[in-house]
Amino acid sequence: MDPRYPIGKFELPKDVTPALRQAAIVDIAATPAKVRAAVAGLSDAQLDTPYREGGWTVRQVVHHIADSHMNAYVRCRLALTETQPTMKPYEQEAWANLEDARSAPVEVSLKLIEPLHERWVRLLRSVKAEDYARTLLHPDTRQKSGLAVVHLLLAREHHTAHITRLREQKGW
């Protein structure tokens, strides 16, 4: 198994049903508690342990979750309010290597994702089925990504699995 994809690579289902969208909303709502549980009781040394060789530390993963989910939330709002907006990509590796992602207490990002997810879930529960066809345009690839892709991709939260797998491997 490739440790970068502890739950496998994302594959968009052929049919994104209302039930699948609702299940993803439930997963997104549960993410803050799952991340908090994944890091509960870890020492600073454990938080500064990479989840794989050459990978980010647990601390960086937690801060990445906040960064990634803030960007996804904004992308959802843009897709719902503009006609095929161009998404703003960001350099995830560079963000993960900024000082705050390398050293800030994880509690900072844990506190950030809780209200973020509350707003995001409220928004997603209000989205009409036809709005899931709305798209964003990637500026580099010129590919369109539907709102359903953003929604389902973030619901699967493989980042939490990076942490829980490391804890299993290390016996933490």
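Residues are numbered from 1 along each chain as its sequence is written, and side-chain values use heavy atoms, with hydrogens and water left out. Because the model is predicted, local features need pLDDT of at least 70, side-chain atom pairs count only at pLDDT 80 or more, and totals for chains, interfaces and linings use all residues.

**Exercise 1.** State which residues are linked with Arg36 in a network of salt bridges.

Step 1. A salt bridge is a side-chain nitrogen of Lys or Arg within 4 Å of a carboxyl oxygen of Asp or Glu.
Step 2. Arg36 and Glu107 meet this rule at 3.0 Å, N to O. Arg36 lies in helix α1 (residues 18-39) and Glu107 in helix α6 (residues 106-126), 71 residues apart; helices are DSSP runs (H or I, at least four residues), numbered from the N terminus.
Step 3. Arg36 also bridges to Glu114, with the closest N and O atoms 3.0 Å apart.
Step 4. The network therefore holds Arg36, Glu107 and Glu114.

**Exercise 2.** Decide how far helix α3 is covered.

Step 1. Buried means under 20% relative accessible area, exposed over 50%, partly exposed in between (1.4 Å probe, protein chains only).
Step 2. Of the 24 residues in α3, 18 are buried, so the helix is mostly covered.

**Exercise 3.** Classify the pair formed by the rings of Tyr90 and Trp95.

Step 1. Rings of Phe, Tyr and Trp (its six-membered ring) pair if their centres lie within 6.5 Å; planes under 30 degrees apart count as stacked, over 60 as edge-to-face and the rest as tilted.
Step 2. The centres of Tyr90 and Trp95 are 4.4 Å apart and the planes stand at 45°, so the pair is tilted.

Notes
Helices (H or I, at least four residues) and strands (E, at least two) are DSSP runs, numbered from the N terminus.
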